[in-house]
There are 2 protein chains.
Amino acid sequence: MTGATAMDLKTLIKDVPDYPKKGIIFKDITPLLSDARAYEETITRLAEPWKGKGVQVVAGIESRGFLLAAGVALKLGAGLVPVRKSGKLPRAVFGESYSLEYGTAAIEAHQDAFPKGAKVLLVDDVLATGGTAKAALTILERIGGKVMGVSFLIELDFLKGREKISGYDCRALISY
Amino acid sequence: MTGATAMDLKTLIKDVPDYPKKGIIFKDITPLLSDARAYEETITRLAEPWKGKGVQVVAGIESRGFLLAAGVALKLGAGLVPVRKSGKLPRAVFGESYSLEYGTAAIEAHQDAFPKGAKVLLVDDVLATGGTAKAALTILERIGGKVMGVSFLIELDFLKGREKISGYDCRALISY
């Protein structure tokens, strides 16, 4: 946070009740992304804690994570690695399946996504139960990455996802 | 292109034969994205033609388009608008279906993705038959956007996609 001068990003996140299913309040970040000043500030804040730490690649989780990870990679002068849903990457992958707030899924990354020992930062839009992040971290380490930490735009505190990825330096810009 | 000093981005794009189906040679851009210098140069070159033209939002097409559009938005000081596959956006959308090189699909964007009259740049990874780009452009104009142009990383000349979006200022960094 940059204090009193910081734009209130939270006001640009829209609650959508009963999406994708009844009882879930979906946090829609698209109004924040489409606001040029808010998008720039979001990327700057997501990158801030990792500046000067030698991050070599930023990994983003498909699809919304891409919208943030790409900007953070550019800001940090790092490469960008997509962690994709199953079956979307064309070459040999490492994959992990996991359960999430609603349903199950699997993600994967290319086995040669980056050189062994590379310093990696993981970026995603929302930390919910932590299942997706945990799976992504497992994959990144299997490739041989040295995980520097994880940056989220939003953390849903009540789902305690942070506990599932304890041991990692975990940051979030906005909490609910 | 920045001439003789420019890194040869093409050498970082990997041909994957018979993906996603027999007879297709897939252009895998992940080695280019994960190379920090090449990623920075790609974004710089994609943004270059639109500098100083008042682009207010950059629209990216899910999913690979996000990896480029996000960087271009940041570089141009614009907002970022995701054009997503059907059923992924939580609020009221405008959608279009189209056929592509292999199969069919539909994409959509929020009806209030940006203010009417906003200057919009469309960014995607590959111009193939032009079906996806055409559908995205139709949606962006239906929202009320003033389309400034379209920037692709790769153009597959032999598929003549450029003809399908004639009338738009269309740029591509790499041709095959």
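Modeller: Gladly! Helices (H or I, at least four residues) and strands (E, at least two) are DSSP runs, numbered from the N terminus. This is a predicted model, in which local features need pLDDT of at least 70 and side-chain atom pairs count only at pLDDT 80 or more, while totals for chains, interfaces and linings use all residues. Residues are numbered from 1 along each chain as its sequence is written, chains are lettered from A and ligands numbered from 1 in the order in which they are written, and side-chain values use heavy atoms, with hydrogens and water left out.

Biologist: In which strand of chain B does B:Glu155 lie?

Modeller: Strands carry numbers counted from the N terminus. The run that holds B:Glu155 covers residues 146–155 of chain B, and its name is strand E8.

Biologist: Is B:Glu155 buried or exposed?

Modeller: Buried means under 20% relative accessible area, exposed over 50%, and partly exposed in between (1.4 Å probe, protein chains only). B:Glu155 has 7% relative accessibility, so B:Glu155 counts as buried.

Biologist: Which residues does B:Glu96 contact, leaving aside its neighbours within four places in sequence?

Modeller: B:Glu96 sits in strand E5 (residues 93–99) of chain B and is partly exposed, with a relative accessible area of 27%. Contact means heavy atoms within 4.5 Å. With its neighbours within four places in sequence left aside, the partners of B:Glu96 are B:Ala105, B:Ala106, B:Ile107, B:Ala135, B:Thr138 and B:Ile139.

Biologist: How much area is buried between chain A and chain B?

Modeller: Buried area is the accessible area (1.4 Å probe) that two parts lose on being put together, summed over both. Here 38 residues from chain A and 38 residues from chain B take part in the contact. Carbon and sulfur atoms give 64% of the buried area, which is about 3,000 Å².

Biologist: How many salt bridges does the rule find across the interface of chain A and chain B?

Modeller: Side chains of opposite charge can pair when their charged atoms come close. A salt bridge is a side-chain nitrogen of Lys or Arg within 4 Å of a carboxyl oxygen of Asp or Glu. A:Arg91 forms a salt bridge with B:Asp28, with the closest N and O atoms 2.7 Å apart. Across the interface of chain A and chain B, the rule's count of salt bridges is two.

Biologist: Which helix of chain A holds both A:Arg45 and A:Glu41?

Modeller: A:Arg45 forms a salt bridge with A:Glu41, the closest N and O atoms being 2.4 Å apart. A:Arg45 is buried, at a relative accessible area of 7%, and A:Glu41 counts as buried too, at 15%. The two are four residues apart, about one turn of the helix, and that helix is H2.

Biologist: Which residue forms a salt bridge with B:Lys27?

Modeller: B:Lys27 is buried, with 15% relative accessibility. The closest N and O atoms of the pair are 2.6 Å apart, and the partner of B:Lys27 is B:Asp15.

Biologist: How many disulfides does the structure hold over all chains?

Modeller: A disulfide is a covalent bond between the sulfur atoms of two cysteines. The rule used here asks for a pair of cysteine sulfur atoms within 2.5 Å. A:Cys170 is buried at 8% relative accessibility, and B:Cys170 is buried, also at 8%. Over all chains, the number of disulfides is zero.
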